Amino acid sequence: MRAGFVSLVGAGPGDPQLLTRAAYDRLQRAELVLYDALVSSDVLALAPHAQRFYVGKRAGRASMSQETINRLLVRAARRGRRVVRLKAGDPFVFGRGGEEALALDAAGVAFEVVPGVTAAIAAPALAGIPVTHRGAASAFVTVSGHDERAWAPVLEGLPPHSATIVVMMGRRSGREIASRLIARGWDITTPAAVLVAASTPGAQTWMGSLGDLAGAGASSSLNREEYGDGAGTIVIGEVVRVGQQLAGGLAPLAGAIGRESALADSEMATASGATGRASAR
Ligand SMILES: C[S@@+](CC[C@H](N)C(=O)[O-])C[C@H]1O[C@@H](n2cnc3c(N)ncnc32)[C@H](O)[C@@H]1O
């Protein structure tokens with residue numbers, strides 16, 4: 001029997017254009033795909049020959065335990081199958097990819113890791129927010145807002161304004177995190193952004209201040225009625241001003257190809273002797 005193989009693959013933030021070529025290749029060849037919440041249907045559609053199983057959390061129902069997922073991966077590989085374990089963003093950023101890699105290694109199963117574009121960087125970038133920017137931030141800190149025991153020691157040890165803060169899984173705790181930062185000396189006018197469902201058709205961007213996030217603004221920025229159930233990433237720091245400045249001129253990802261070809265046409269016309277904008281078009 002052929003030996004099985006598991007690829008732990010990062011699916012990026014949602015738009016299939018943000019998949020790596022390796023991720024695309026593994027999906028095309030997959031026989032079985034085990035995927036999590038937040039993996040978009042457009043990305044799943046790139047695995048046409050695979051059986052696909054959802055192993056993430058379901059509203060109101062307990063999620064499959066990590067041990068069960070590990071067992072499924074090992075069993076499928078031992079049956080000789082080509083398995084893709086597909087996770088949103090990067091599998092090693094708040095994705096439990098490390099645990100699965102250790103379980104596969106312990107079971108003697110051949111596997112690889114295919115890194116993905118993490119939402120921690122891509123969600124801000126798609127809104128024109130660089131996580132580092134000369135003169136504004138030379139470091140960024142990414143925390144999970146899921147559990148206060150995880151974020152509190154990190155954020156409380158961070159000198160005010162010393163780094164960009166990116167909070168994942170923070171739509172419930174964002175308000176509390178903002179209040180805590182203000183109490184520790186962060187200025188209430190520090191810019192902040194909430195990026196919901198970045199790179200998907202439901203993408204929404206809110207930009208305001210840390211004070212807004214801690215107070216009344218937070219109810220609108222994190223409010224599910226207004227912003228839906230999509231995953232949200234919070235960014236706090238001066239870098240958000242870059243996104244505010246770029247807001248008018250930034251083309252959405254979907255429009256990039258058209259825009260590029262318009263630029264290429266104009267460059268070609270200029271190179272072949274045409275002068276001026278009107279003649280280049
Ligand atoms: C369990 S973590 C997984 C992170 C993922 N491994 C990554 O590298 O992006 C889920 C969190 O990722 C963030 N996230 C994932 N996809 C996103 C998207 N399209 N837009 C904004 N945030 C997203 C949200 O903060 C969400 O709560």
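Visitor: Does A197 count as buried or exposed, and what number of C-beta neighbours decides this?
Guide: In this predicted model, A197 lies in the loop between β8 and β9, and its phi is positive, at about 50 degrees, although A197 is not a glycine. A residue is called buried if 20 or more other C-beta atoms lie within 10 Å of its own. Because A197 has 23 C-beta neighbours inside 10 Å, A197 counts as buried.

Visitor: How does R96 count, given its C-beta neighbours inside 10 Å?
Guide: R96 has its place in the loop between β4 (82-87) and α4 (97-106), and its phi is near 60 degrees, a positive value in a residue other than glycine. Most residues other than glycine have a negative phi. Buried residues need 20 or more such neighbours and exposed ones have 12 or fewer; since R96 has 16 C-beta neighbours inside 10 Å, it counts as partly exposed.

Visitor: How many helices and strands are there in the protein?
Guide: The protein has 281 residues, of which 40% count as buried. Among contacts between residues at least 6 apart in sequence, 70% join residues at least 24 apart. The secondary structure of the protein comprises 13 helices and 10 strands.

Visitor: What is the strand order of the open sheet with parallel pairing?
Guide: Strands of a sheet pair through backbone hydrogen bonds, either parallel or antiparallel. In the sheet with parallel pairing there are five strands, and the order is β3-β2-β4-β1-β5. The edge strands, each pairing on one side only, are β3 (51-54) and β5 (111-114), and neighbouring strands of this sheet are turned against each other, direction ignored, by an average of 20 degrees. Read across the sheet, then, the order is β3-β2-β4-β1-β5.

Visitor: Which residue of β4 stands opposite V9?
Guide: Strand β1 (residues 5-10) and β4 run parallel and are joined by six bridges. Helix α1 (residues 21-29) packs on the sheet, where it touches β1, β4 and β5, and its direction makes about 135 degrees with that of β1. In β4, the residue opposite V9 is L86.

Visitor: Which strands are at the edges of the sheet with mixed pairing?
Guide: This open sheet of five strands has the order β6-β7-β10-β8-β9. An edge strand pairs on one side only, and the twist from one strand to the next averages 15 degrees. The edge strands are β6 (140-144) and β9 (204-209).

Visitor: Which residue is the bridge partner of V166 in β10?
Guide: Strand β7 (residues 164-168) runs antiparallel to β10 and is joined to β10 by three bridges. Within this pair of strands, V167 stands opposite I234. The bridge partner of V166 in β10 is V235.

Visitor: Which residue of β10 stands opposite V196?
Guide: Strand β8 and β10 run antiparallel, with five bridges joining them. The residue of β10 that V196 stands opposite is G232.

Visitor: How many residues of β10 are buried, and which way do they point?
Guide: From β10, G232, I234 and I236 point one way, whereas T233 and V235 point the other way, and all are buried. Helix α5 lies across β6, β7, β8 (191-196) and β10, running at about 75 degrees to β10. Strand β10 is therefore largely enclosed by the rest of the structure, the buried count being five of the five residues.

Visitor: Which helix gives the most residues to the shell around the ligand?
Guide: The ligand is surrounded by 24 residues, and the closest are G89, T118, A119, M168 and A198. By type, the residues of this shell divide into 14 nonpolar, eight polar and two charged. Both α5 (119-126) and β10 (232-236) supply at least two residues of the shell, and the element that gives the most, with three residues, is α5.

Terms used:
Residues are numbered from 1 along each chain as its sequence is written. This is a predicted model: local features need pLDDT of at least 70, side-chain atom pairs count only at pLDDT 80 or more; totals for chains, interfaces and linings use all residues. A residue is near a molecule or strand if its C-beta atom, placed from the backbone, lies within 6 Å of it. Helices (H or I, at least four residues) and strands (E, at least two) are DSSP runs, numbered from the N terminus. Ala, Val, Leu, Ile, Met, Phe, Trp, Tyr, Cys and Pro count as nonpolar, Asp, Glu, Lys and Arg as charged, and the others, Gly among them, as polar. Two residues are in contact if their C-beta atoms, placed from the backbone, lie within 7 Å. Two strands pair if DSSP finds at least two bridges between them. Axes are lines fitted to C-alpha atoms, for helices over the stretch in contact, and angles run from 0 to 180 degrees between N-to-C directions.
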